[in-house]
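Here's a quick briefing to read with the model open beside you. Take it topic by topic and click along as you go.

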Amino acid sequence: MDTTSKLRTVLRRLTVAAAGAVLAVAAGGPVSAQYNSVEGVIRGVVLDERTGQGIADVVVEVLDHVERIQRSAVTDEEGRFTLLRVRPGPFWLRASHIAYSRTKTPMWRIGSGEVLDVSIRLHPEVVLLAPLEITARAQSASPVLARFYERLNRRMGGTLFTREDIEARNPPRVTDLLAGVTGVNLQSSANQSFRIVTMARALPGMGGGPNGCPVQIYVDGILATRGGPVSPDELLAPGSLEGVEVYRGIGTVPAEFLTPEARCGVIAFWTRRGG
């Protein structure tokens, strides 16, 4: 008996619905003798349930009885596909397209040498893309802030605060942000209006007195304490800050702030306008 005569000729039709898909199955007509007479063939069309039009670029997969992918094909411009060399036995068809509900049909069975003509109907679905995901955050390209971000990424010495850190703490005054930093001492000014920042004690041989060692304060890379101690609260508001660097000893002070006066430490403030 030749390959064609082995193909089943009795038409059988079944229409079932599940999860927005309709699978219509019929025994197919003759196919080329190149197909293995033991394995089956599934060919068909994927249609839009509302319009009845064929859908291109649908991935159609044959799943075996344990839902492993056995064969797959992609529909052409008319929504047609052919799945060759399908092993006899129970199977599901799964159809996937970005604009339609992903659908798995009810289980069906293909026999040895059988050719099935099928139609699958998909229900359109508006697909929402995933919400914005930030996979990398580029720091400001400002040359003023570039060195701050470089040190922030390296985390080599000192205590550094980012804009996120500052916003999370939400300090009423700039000096409130510094209050919890180890070694930092806050002293009220003569009129009690502001607080002066010093280190808790001078380093050996570096001078200073009972009131601590006054630090050097920079704002956007410019020294603000050139004429003597000044309170950060007079210079800045917490909401204006992009970042803060606190260095206690001269051994940790970055080269750009390294002066003889930096012996008591340095605090560098970076503002958002610096970006």
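Asp-117 is partly exposed, at 28% relative accessible area (buried is under 20%, exposed over 50%, partly exposed in between, with a 1.4 Å probe and protein chains only). Its side chain meets that of Arg-43 in a salt bridge, 2.4 Å from N to O (a salt bridge is a side-chain nitrogen of Lys or Arg within 4 Å of a carboxyl oxygen of Asp or Glu). Asp-117 sits in strand E10 and Arg-43 in strand E3 (residues 40–48), so this pair ties together parts 74 residues apart in sequence.

Bear in mind that this is a predicted model: local features need pLDDT of at least 70, side-chain atom pairs count only at pLDDT 80 or more, and totals for chains, interfaces and linings use all residues. Residues are numbered from 1 along each chain as its sequence is written, and side-chain values use heavy atoms, leaving out hydrogens and water.

**The chain overall**

- The protein chain has 5 helices and 18 strands (these are DSSP runs, H or I of at least four residues for helices and E of at least two for strands, numbered from the N terminus).
- Of its 275 residues, 42% count as buried.
- Among contacts with a separation of 6 or more, 60% come from residues 24 or more positions apart (contact means heavy atoms within 4.5 Å).
- The accessible surface comes to about 15200 Å², with 52% of that belonging to carbon and sulfur atoms (areas are from the Shrake-Rupley method with a 1.4 Å probe; for residues, only the protein chains shown count as cover).

- Arg-43, the partner of Asp-117, counts as partly exposed because its relative accessible area is 23%.
- Val-118 is buried, with a relative accessible area of 6%.
- Val-118 and Gly-44 are 74 residues apart in sequence, yet their C-alpha atoms are 4.5 Å apart in space.

**More salt bridges**

- A search of the whole structure turns up 14 salt bridges.
- Arg-87 forms one with Asp-64, with the closest N and O atoms 4.0 Å apart.
- Arg-87 lies in the loop between strand E6 (80–86) and E7, and Asp-64 in the loop between E4 and strand E5 (69–74), so the pair ties together parts 23 residues apart in sequence.
- Buried or exposed: which is Asp-64? At 5% relative accessibility, Asp-64 counts as buried, while Arg-87 is partly exposed at 43%.
- Arg-147 and Glu-256 meet through their side chains in a salt bridge of 2.9 Å, N to O.
- That pair links distant parts of the chain, 109 residues apart: Arg-147 is in helix H2 and Glu-256 in the loop between E17 and E18.
- Salt bridges with shared partners join Arg-147, Arg-151, Glu-245 and Glu-256 into one network.

- An open sheet of 5 strands runs in the order E11-E17-E18-E15-E16, with mixed pairing (two strands pair if DSSP finds at least two bridges between them).
- Its edge strands, E11 (159–162) and E16 (222–223), each pair on one side only.
- E11 pairs with E17 (residues 241–247) in the antiparallel sense over 4 bridges, and Phe-161 has Val-244 in E17 as its bridge partner.
- Helix H2 (residues 143–154) lies across E11, E17 and E18 (266–271), at about 55 degrees to E17 (axes are lines fitted to C-alpha atoms, for helices over the stretch in contact, and angles run from 0 to 180 degrees between N-to-C directions).

**E7 and its neighbors**

- Strand E7 (residues 89–96) is mostly covered, with 7 of its 8 residues buried.
- E4 (residues 59–63) pairs antiparallel with E7 over 5 bridges, and Val-59 stands opposite Ser-96.
- E9 (residues 108–110) also pairs antiparallel with E7, over 3 bridges.
- E8 (residues 103–104) is joined to E7 by 2 bridges and runs antiparallel to it; E7 and E8 form a hairpin with 6 residues between them.

**The three-stranded sheet**

- E12-E13-E14 is the order of an open, antiparallel sheet of 3 strands.
- Arg-195 lies in E13 (residues 195–199) and is buried, at 17% relative accessible area.
- The Arg-195 side chain makes a polar contact of 2.5 Å with that of Asp-176 (a pair of N or O atoms within 3.5 Å; within protein, one must be able to donate a hydrogen and the other to accept it, and residues adjacent in sequence count only if both atoms are side-chain atoms).
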